Amino acid sequence: MAAQKINEAHEHIAKAEKCLKTGLTKWKPDFDSAASEYAKAAVCFKNAKQYDQAKDAYLKEAEYQTENKTYPFCTAAIEQAGMMMKEQKKMPEAIQYIEKACMMYMENGTPDTAAMALDRAGKLIEPINLEKAVDLYQKAAGVFENEDRLRQAVELLGKASRLLVRLRRLDEASVALQKEKNMYKEIENFPMCFKKTTAQVLIHLHRGDYVAADKCVRESYSLPGYSGSEDCIAMETLLQGYDEQDEDQVHRVCSSPLLKYMDNDYAKLAISLRVPGGGGKKKKAAAAPQGGADGAPADEEDDYEGGLC
């Protein structure tokens with residue numbers, strides 16, 4: 001079966017080359033037919049799992065589609081060349097072709113297609129290069145935002161924000177989350193604004209910036225329904241416990257279903273949040289019996305006593 005498909009592919013290439021020849025009765029190459037034959041050859045190579053040859057055929061198709069000024073087909077062929085690289089696990093090369101295609105989609109007036117291609121590229125590269133995935137998701141979000149498609153833009157921004165948290169680029173994550181929250185506010189999805197406030201608070205506390213965390217909650221009071229909501233009460237309780245170094249109170253909030261079932265990257269922030277100064281450990285030390293007559297403590301405390309929160 002594979003051998004048959006490879007033979008078919010070579011037949012299509014031979015036809016394409018014939019279309020490009022000129023002579024006394026044919027002054028111009030037939031770029032349209034040549035592109036069509038290379039497209040057929042590419043599909044045959046792909047079906048035979050000859051991905052490198054399929055990539056070359058798609059690039060030839062793109063070349064002749066450009067000569068024929070059929071730019072949408074040219075762009076699609078370049079994107080397909082990228083997918084052939086993906087099949088060979090050559091992700092950097094795959095992303096290079098897909099990004100090139102995205103630029104061409106933009107230039108040819110199809111930004112939505114460009115944004116969707118960038119999203120696909122982000123998903124492809126995410127398992128091996130989080131930094132590049134963040135870049136692609138943010139670019140895709142920017143394209144949708146320019147087209148006033150905020151629902152699609154904010155979804156992609158959310159992907160970027162979560163990866164920034166995973167990368168521990170918390171300053172950038174806090175900025176990205178604020179942009180998300182502003183978009184959700186604009187489309188009047190207030191429950192999502194509440195969730196983004198919670199994520200912001202966790203990020204700011206991990207950054208050691210209690211003031212910024214408190215400010216996020218105070219600013220959210222202006223959101224319809226936030227004051228008195230489950231999200232609001234949880235964050236007020238968390239901030240109070242954090243400020244008072246009450247490890248038990250912080251632990252109760254961090255292990256509550258509200259935080260436990262957030263997106264995984266934010267749930268991990270909740271689980272790993274620590275009270276400044278040791279919190280519960282200090283309380284236990286104060287209640288512990290005194291040592292000898294010189295007042296020395298009976299035992300050293302375990303540095304990890306008290307759990308994660």
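## Salt bridges and a helix pair in a predicted model

In this predicted model, helices α10 and α11 are roughly antiparallel to each other. This description follows from the crossing angle, because the two axes cross at roughly 165° and angles over 145 degrees count as roughly antiparallel. Helix α10 covers residues 190–206 and helix α11 covers residues 210–220, and their axes come within 7 Å. The crossing of α10 past α11 is left-handed.

On the α10 side, the contact is formed by T197, Q200, V201, H204 and L205. These residues meet Y210, A212, A213, C216, V217 and S220 of α11. Of the residues in this contact of α10 with α11, 7 are nonpolar and 4 are polar, while none is charged.

Charged side chains are the subject of the next part. The model has 23 salt bridges.

| Salt bridge | Closest N and O atoms |
|---|---|
| E8 with K5 | 3.9 Å |
| K132 with E99 | 3.0 Å |
| D263 with R162 | 3.5 Å |

The pair of E8 and K5 lies within helix α1, which spans residues 2–20. Because E8 and K5 are 3 residues apart in that helix, about one helical turn separates them. E8 is partly exposed, at a relative accessible area of 24%. K5, by contrast, is buried, since its relative accessible area of 17% falls under the 20% limit for buried residues.

K132 forms a salt bridge with E99, and this pair links distant parts of the chain. K132 belongs to helix α7 (residues 130–146), whereas E99 belongs to helix α5 (residues 91–107), and the two residues are 33 residues apart. K132 is partly exposed, with a relative accessible area of 23%, while E99 is buried, with a value of 18%. The pair also has a place in a network of salt bridges that links E99, K132, D135 and K139.

D263 is partly exposed, having a relative accessible area of 38%. R162 likewise counts as partly exposed, at 22% relative accessibility.

Note on methods. Residues numbered from 1 in each chain as written. Predicted model: local features only at pLDDT ≥ 70, side-chain atom pairs only at ≥ 80, totals over all residues. Heavy atoms only, no water. Salt bridge = Lys/Arg side-chain N within 4 Å of Asp/Glu carboxyl O. Helix = DSSP H or I, 4+ residues; strand = E, 2+ residues; numbered from the N terminus. Buried < 20%, exposed > 50% of the residue type's maximum accessible area, 1.4 Å probe, protein only. Axes fitted to C-alpha atoms, helices over the stretch in contact; angles between N-to-C directions. Parallel < 35°, antiparallel > 145°, perpendicular 65-115°, else oblique. Left-handed = near helix turned anticlockwise from the far one by under 90°. Contact = heavy atoms within 4.5 Å. Nonpolar A, V, L, I, M, F, W, Y, C, P; charged D, E, K, R; others polar.
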